[in-house]
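This report covers the pockets and the nonpolar cores of one model.

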Amino acid sequence: MKTSEVMRVEPAKPEDALQHFAAKLTFETDCADVFDALEQGHHDFVLLDVRGPNAYAKAHVPGALNLPRAQITASVLQSLGQGKAFVVYCAGPHCNGADKAAEFIARLGFKVKIMIGGIVGWRDEKFVFASL
């Protein structure tokens with residue numbers, strides 16, 4: 001029987017897969033988990049929309065603060081976070097703005113995760129947007 005392209009490369013050993021996926025969750029969260037946390041009133045992170053102010057004004061995740069990457073500084077993060085982790089998002093999977101912002105936030109010494117999917121993921125989940 002011919003091997004599929006899916007299985008041409010063997011899956012990782014379970015212990016390696018566990019290590020990989022557990023580590024991945026330290027870097028990422030998803031729209032559903034952010035939605036649930038916001039709905040339940042959890043305020044153990046600061047949600048940052050790192051897109052520009054025009055995009056933010058049109059539609060953003062309720063409760064997200066607009067902080068474009070160029071405006072991120074240690075003092076701004078300190079004033080917003082007060083020891084909390086940051087969760088950042090941008091337009092979606094086609095955009096690396098959240099990755100760039102997360103890298104910079106980590107470089108400044110703050111804990112950070114990316115909300116995978118960004119605005120596109122939020123829309124796909126059919127969650128409500130806020131606008132200005």
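## Largest pocket

The largest pocket has a lining of 19 residues, and F27, E28, A98, D99 and I114 lie nearest its centre. Two elements, α5 (97-107) and β5 (112-116), each give two or more residues to this lining. A pocket here is an open set of points on a 1 Å grid over the protein atoms alone, where a 1.4 Å probe fits, with protein on both sides within 12 Å along at least five of seven lines; lining residues have an atom within 4 Å of a point. Helices (H or I, at least four residues) and strands (E, at least two) are DSSP runs numbered from the N terminus.

The model is predicted: local features need pLDDT of at least 70 and side-chain atom pairs pLDDT 80 or more, while totals for chains, interfaces and linings use all residues. Residues are numbered from 1 along each chain as its sequence is written, and side-chain values use heavy atoms, without hydrogens and water.

## Second largest pocket

Lining residues of the second largest pocket include T29, D33, H42, F45 and K113. Both α2 (31-39) and β4 (85-89) give two or more residues to this lining, and the largest share, three residues, comes from α2.

## Nonpolar cores

A nonpolar core joins buried Ala, Val, Leu, Ile, Met, Phe, Trp, Tyr and Cys residues through side-chain atoms within 4.5 Å; buried means under 20% relative accessible area (1.4 Å probe, protein chains only). The largest core has 16 residues, and L48, V50, I72, L77, F86, V88 and I105 touch the most other members. Its largest share, four residues, comes from α5. A second, separate core of 13 residues includes F45, L47, M115 and W122.

Note on methods: Buried < 20%, exposed > 50% of the residue type's maximum accessible area, 1.4 Å probe, protein only.
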